[in-house]
Amino acid sequence: MNQKRNRFSPLIDNLEKLIFINSPSGYESEIQEFFKEVLSGSNLKTWSDGRNAYGIIGNLKNDKPRILISAHCDEICMHVKSITEEGFITITENTGFKKVLPGLEVVVKGKKDIPAVIGSKPPHLLCAGETAKLNPIDGLLVDTGLSRAEIIESISVGDPVLYRKQFLELKNNRFAGTGIDNKVSVEILIELAKKLANVNLPVNVIFACTSFEEIGSMGASLAFENIKPDIALSIDTFSANQFGNKTLNNSEIINNLHIGNGALMNQEISDALFETAKNLKIKTNNMIFEGLGGEIKKYIFTDLGCPSGILSLPIRNLHQPVEMFDANMAYDCISVLDEFLRGVPENLKGLMA
Amino acid sequence: MELLRKLSDVFGPPGAESEVRDVLIEYITSKMDIPHEIDNLGSLYFVKKGKVDKPVIMLDGHMDEVGLFVVGHTSDGYLQFRGAGGLDPRVLPGKSVLIGKERIPGIIGTTPPHCELRKPITQRDKTTPIEGHAIDIGANSKDEAISIAPKNTRIMFNTQFEDWGETLKGKSFDDRLGCWAIARVFTELETDCTLVASFTMGEEIGMVGARLAARRFKPDLVIELEGTAAGDMPDVANHMVCTKMGGGPVLTFEDRSTIIPRYIRKALEETADIEGIQYQYKGTVTGGTNAGIMQYENGGTKCVVIAAGCRYIHAPVSLMSKSDANNIVKLTKAFIKRIDDGDVVI
Amino acid sequence: MIDTINKLIHIHSPSGSENLLGEVVTESLAPKICEMDFMGNLTCRVEGEGTKVLIVSSMDEPSLVATYIESDGFIRFYPSGNLRISDVLGRQVVFPSGISGYVGVENNMDIKEITGFDKLFIDIGTKNKKQSAEYVDIGDHTSFNIPTRAEDNSILGRDDLKLPIAVSIATANEVGQTQNNLVFAYAVQDKIGGRGAAVITNKEKPDLIINLCVATATDTPVHKQKGSISIGAGPVLIADGSDIMRHYPTNNLIKEIASSSNIPLQVTVSNGLNVTEQRMNNIHAGIPLVTLAIPVRKYGKFGAIGDTRDAVDTSKLLTKILRKKLM
């Protein structure tokens, strides 16, 4: 990480810090503390409600409309399923991804963080036909190098097992790392908040660093109940076209910001976001979002719901230890949101009544 | 039947129900002076306040129909699409469609029989999945296609409503028939119960409008009015005939999403007997309705389904019987009347 | 405990017709008052100040629903709950009227030709439609007739052996005044998608849910060595997994209480999707959940063998948990 960095430095430096904080679903307090610390450094009021951390431009006591912008800070993980007599650990796949596990470095988040590897039988020992098959999840053993007695002392069944973090700078301002989904969006929130901190906006903007997205977006539903927003925007990541996988709904990693559209999305918000991007000459991809999960669903369906929109960054290798994104896109996303929020009352007259 | 004609012919795939909404608003406000409400997702509601000690009854039907939407464009200007709602890809070849609210005509073609014969035998007579079809709007290039019908544009089948006497032909009887029946019951029935007419959006893509509707009005009883699948075709065994077209109102005892409380169903059967209306059961435990979502809301909501058997639903063209349509209105009115009179306690 | 189990285990409670079981539950909880809603869900309150805790157990079993009566008296049906053809073919079933029959198929039919439930029927030995209709109403749910036996250390019977309910009743009767506001709930229509549980949760809006259920024991001959879940080895805490927002502090509290009061506790993670828990978890602003299970060996869809000691221990543990201030 000692390569020279250009104009992306602040964003990337912060992102790197975020990435190296382990935050599986249910263990988000550390990363949320970091989020609050950075925001309060920019003169924003911050607080948490037990599940999410918030920062606000404005004040919840006035009667200006409220816009909630959220990014989830939890990341995928597996769980310890059992500890064998020999001192190996078996895991559940859960939100993890079995395909990438053989030969991977992981961290078991027990009483302390314990590094481990997931072994794979060397080719010398494989029988005919075995290479073609994926190991069953029970057959993938996590090896901590510790004895069973030592393991039992600090690890218990149910503890999270995460990919070991890495962060690499590739060519052309592209970066790869573990948990880019959705730390990059958290970083976008931070940068956006810093940019807008001293602007007098006609609305209250609440930045929420939410939890539990990967296992049902329970953070988003509590954020909705606590904030009661007039409009909610979710910032997330979405799979980009990549080698071996080109689908109609995806786009290229470099040149398209995904903007949600579809039967459940509020048309006025989508249109305003498209319009803003167009004025800034930022290319967009019409991401058709129909009956999918994610935080947006909670904003639409908790209580009586509110009009909602979604912005997504195209990411390659989603849910893998080497997720990859383009820093230009992160900046584009910040610009779109910045511009959108400054012009909100004109953009969305009908919704702000 | 003029209202049903209008409702059947308008554009209303999931997420683009505004034309259906407009027809309903126009009809109901022309009959009575009453404000309407539209929620965040676009569902439409009317409320007729009754006496405080009487139950709140919600008449619910969905405005959307099974349709298509654009997901991409080929380099030679075809539109690639997916189904919005459960669609059988076998019904697609050789149909014409209308794209977007501007109703730009388009066609879904398939390989001509002449060329089909040249294919190896193993490849003939296979269903093409939905991904294998494309819509031709006569565009020359990808750019032209994008400018005419961008991604996410909604598409409906090009079918005209026709009155064939006892039988009616048209599209989207699931659930414009329900909308029609609700509009009639709501405008014609005099009752002391509070009546809520709920026209929800997005039922075909996962009953999305239902929960907001139930939460908004906290009804004591939801009467779901539906155009449901009829199975009275020669190649269907007796016990698999879901419902019969022309067989009278369909009472559901159970479907994939809900079990209708038995005492309410029995009260409905009684009502039908009193009114001399022949009714039938939905003979298969298949499909689901908004009731499947609404039943969980407000600490449990009682729901009942009254439907009419329509042949060939979720396809470009379907048939239904006029007497069924009139009878579900009659039964619904009589049932609410009995609740109002205290004959039926819900 | 054994008496309660004995009272419950013989009762048929197919999804949608849980009333018979409901009566026994109400009786066993007396003099405490049970409320019943229109679906048949029961709730029993042990009121106190503080955290509202919902203790949920389910009353129903997978079943078949009668949909059509043939002119010669055979009854056609649909499965209610997650059933396969092999689960039901040849089984004896009982209708609410008390009449029993067999699930059959055409005599000359090869197993490969049985492609769906539409090929099967129930024969109750009647001659025609009219006679069948005397015993069977369209929409009736059948239950499966499987011998049951509850002795000191071994229980044998259907599905979940009604153990979660037995534990819940015993705990409700035992717990007394606590620092929490307790609601013991007995949910209907659970095996067809956790419907009763969702309605109760929606109504009660608890702060914490404790889901009482059974965990499949894996102590069969080959698996046994790997330190898996066994019957007779104490209650099971399902610590994580299956995309549920769990309440980790309560999980830890359970572990502490178990070790300090010498109650054996098995800890595991869940692999599969639990619809009931997801439904309850997702209501309102998201309600955190803890799963406490009783180990049961499962054979096929219906056969099950459990151990009374586990039920007793689970009840002991749960009573101790509920007496502590939660959350």
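Helices (H or I, at least four residues) and strands (E, at least two) are DSSP runs, numbered from the N terminus. Keep that in mind, everyone. What you see is a predicted model, where local features need pLDDT of at least 70, side-chain atom pairs count only at pLDDT 80 or more, and totals for chains, interfaces and linings use all residues. Residues are numbered from 1 along each chain as its sequence is written, chains are lettered from A and ligands numbered from 1 in the order in which they are written, and side-chain values use heavy atoms, with hydrogens and water left out.

Okay, helix H7 of chain B, residues 262–275. Glu269(B) and Lys266(B) both sit there, 3 residues apart, which is about one turn of the helix. They form a salt bridge, with the closest N and O atoms 3.6 Å apart. By salt bridge I mean a side-chain nitrogen of Lys or Arg within 4 Å of a carboxyl oxygen of Asp or Glu.

Buried or exposed, what is Glu269(B)? Buried means under 20% relative accessible area, exposed over 50%, partly exposed in between (1.4 Å probe, protein chains only). Glu269(B) has 6%, so it's buried, while Lys266(B), at 29%, is partly exposed.

These two also belong to a salt-bridge network with Arg262(B), Arg265(B), Asp137(C) and Asp140(C).

Now look at Glu65(B) and Lys171(B): their salt bridge has its closest N and O atoms 3.0 Å apart. The pair joins distant parts of the chain, 106 residues apart. Glu65(B) is buried at 2%, and Lys171(B) is buried at 2% too.

Over all chains, the rule counts 46 salt bridges. Across the interface of chain A and chain C, though, it finds 0.
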